[in-house]
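Hi everyone, thanks for making time this morning.

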Amino acid sequence: MEAASAMPATGDELLVVEGVRKYFPITRGIIFQKEIASVKAVDGVTFSIKPGETLGIVGESGCGKSTLARCIMKLLEPTDGKITFDGRDITGLSRSAMRPIRREMTMIFQDPYASLNPRKRVGFIIGEPLEVHGLGTPAEIKRRVQELLEVVGLNPEHYNRFPHEFSGGQRQRIGVARALSVNPKLIVCDEPVSALDVSVQAQILNLLKDLQDDFGLTYVFIAHDLNVVRHISDRVMVMYLGKVAEIASREVLYREPKHPYTGALLSAVPIANPDIGRGRAAVVLEGDVPSPVNPPSGCRFHPRCPRFVEGHCDVEEPPLYSFGRDQVATCHYPLERWPMTAEEMRRTGTKTSAEPLPA
Amino acid sequence: MALLEVKDLRTSFRTEDGVVRAVEGVNFSVEKGQTLGIVGESGCGKSVTCLTIMGLNPKRNTLTGGEALWKGNDLLAMKPSELRAVRGDEISMIFQDPMTSLNPVHTIGRQLIEAVLLHRDVTKRVARSRALELLKAVGIPRAETRIDDYPHQFSGGMRQRVMIAMALINDPDLLIADEPTTALDVTTQAQILALMKTLQEDFGSAIIMITHDLGVVAEVADDVLVMYAANVVEQAEVHDLFHRPQHPYTWGLMGSLPRLETDVERLTQIPGQPPSLLRPPNGCRFHPRCPYVMEVCKTTVPELLPTQRDPDHLQKCHLDEETKERESAKLLAATMVEAR
């Protein structure tokens, strides 16, 4: 069962994503639009999620995590690949065929100021999904909305208020209530707490955890904050330039990362403890993330990687290697231990003997 | 004499809805080569404190009180022309959002050169070579060609480097950085923080680092102010603050932080929302959200007083020392791991 975490296994997965790609064309010309290049936002991502699980997705801005979320939700049509939700292949479904499935997967957005219609009352915002799917009479919907307000920790009497009357954290609670309204199986959370202050962020994280326990929800949780992802996830996927760098269970990923990029990310996180934070030699990556229009050859991380091996990493693209239970990483020269400094990373580095997963 | 000494700084804004008291009596001093961290949530007054020192609040509706002594001269009493001579030369500032704080219609070279020419009597050629030198110092690759690029041609991290270059171009004695890494990715944040550290070592500047991230404070600051609702609630040396936090709000901040190095099932959350500064609560500003609230907290504002153990560790809370010691030890046991 080693490969189960990354490869689509049969049976009980709620969501299976296989080789999903999303290319955005760059065109030239007005009438005859000629495609001259494409932004490879997501380039062959494979993973699966079991019911009741939380998969965290981390990566720097521009790594394709939000595009991937939108592909899963079918807000964007993937260029290639297959998405299976709850046993049904939803890749080619039309908008109308997709509609009943939308009841089972909902989304929480990043910006609680932009994602609520300022001209609608809170009751309408939360009840709209119910209305769209024809779930109940107006009276039933109202009752359900008030119940939802209570569930997310808001006053049910605030039913008739407008979004501007709420603070950022309360607005995000409204977003959570709306996502919950149709009793979904899967909630895709796209940076749900990154716009919030620390103390309010903790409230929302606790709320999401409680709701998962109460309603058996499955989350895809996208964030750039590794602390937050570690707190909420069961498994974590690290993305770099549209590709999977590493997928592992939370404990394993944070204790023994295999991919040098995961290592660099972990060592870049400031630690709220002056005794630990100051002494350590962080792995400071040079430069910026390259453009996804023209990604580097071979391993996409090679131009910034401390253990780049010339003639190998820039030529041969690393497959997903399997490292024991529940850990896969795309690196020819994985980290032997952790923590490591950039210097140590450079010095050592032997080719992995791990088996690549079957394509 | 301290480089900058701020005494009882007060700022309020007249608005249509009433007077917003954004800073209510802040005291601190910054020495050469030191880093002061100011930490707090949005709206706590940390940015306004620094904007007041720099004289950057709108004149029309701002009331300012107290003193900000810069090398002995009060910045708040200076004429605009005197202030302009200090600002951008001896004191400079890095703003939070590198996307909006550069002028999009001028090349970065022109903007950097302008900063030099405003304060130095040099030729354009000299100013340009100085600009180039700084761009190299902050690690912009191919600086010779990139100096003639426009801001939109740079990534977020690179723009923030340009901002840092601009802030350092006149060798300031004090650099005020207002959330300099908040808009950036962790890897870029690590680059920028490392860069600021090296530059501080090279130039010997003092830094005031405003942030909401306790992690950033722990990594870079020497002394820390914790602000809540326009007030300083705790003020201490950084190790002291993290080992012996004394204020319930600081405990709340530390407890609500998910951490890389320790596991907690549930984060300790601070209930409720920060108060409106238009109508702040009576007594201690934190009392409506405080789990240790007592009757006295609702009526009397506590003073910012030193703890018995350490005269340099100030805190603004009515709780007795014994309870504080006990609670802070409990929090540390739950959240912090020993240094390895």
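I'll talk about confidence, then the contact between the chains, then a pair of helices.

Please keep in mind that this is a predicted model. Chain A has an average pLDDT of 89, and 96% of its residues score at least 70. The exception I'd like to flag is residues 1-6 of chain A, where the pLDDT is below 50. That stretch does have 16 contacts in the model beyond near neighbours in sequence. Still, where pLDDT is low, the predicted coordinates should not be read in detail.

Now to the contact between the chains. Chain A puts in 36 residues and chain B puts in 38 residues. On chain B, the helices that each supply at least two residues to the side touching chain A are helix 6 (156-168), helix 7 (186-203), helix 8 (214-220), helix 9 (238-243) and helix 10 (248-255). Which of them gives the most? That would be helix 7 of chain B, with six residues. Sorted by class, this side of chain B has 18 nonpolar, 13 polar and seven charged residues.

Let's stay with helix 10 of chain B, which also packs against helix 12 (residues 321-335) of chain B. Their axes are 11 Å apart, at an angle of about 10°, so the two helices are roughly parallel. From helix 10 of chain B, the contact uses B:Trp251, B:Met254 and B:Gly255. Helix 12 of chain B answers with B:Glu327, B:Ser328, B:Leu331 and B:Thr335. In this helix pair, the contact residues divide into three nonpolar, three polar and one charged.

Thanks, and I'm happy to take questions.

Conventions. Residues are numbered from 1 along each chain as its sequence is written. Chains are lettered from A and ligands numbered from 1 in the order in which they are written. This is a predicted model: local features need pLDDT of at least 70, side-chain atom pairs count only at pLDDT 80 or more; totals for chains, interfaces and linings use all residues. Two residues are in contact if their C-beta atoms, placed from the backbone, lie within 7 Å. Helices (H or I, at least four residues) and strands (E, at least two) are DSSP runs, numbered from the N terminus. Ala, Val, Leu, Ile, Met, Phe, Trp, Tyr, Cys and Pro count as nonpolar, Asp, Glu, Lys and Arg as charged, and the others, Gly among them, as polar. Axes are lines fitted to C-alpha atoms, for helices over the stretch in contact, and angles run from 0 to 180 degrees between N-to-C directions. Angles under 35 degrees count as roughly parallel, over 145 as roughly antiparallel, 65 to 115 as roughly perpendicular and the rest as oblique. pLDDT is the predictor's confidence in each residue, from 0 to 100.
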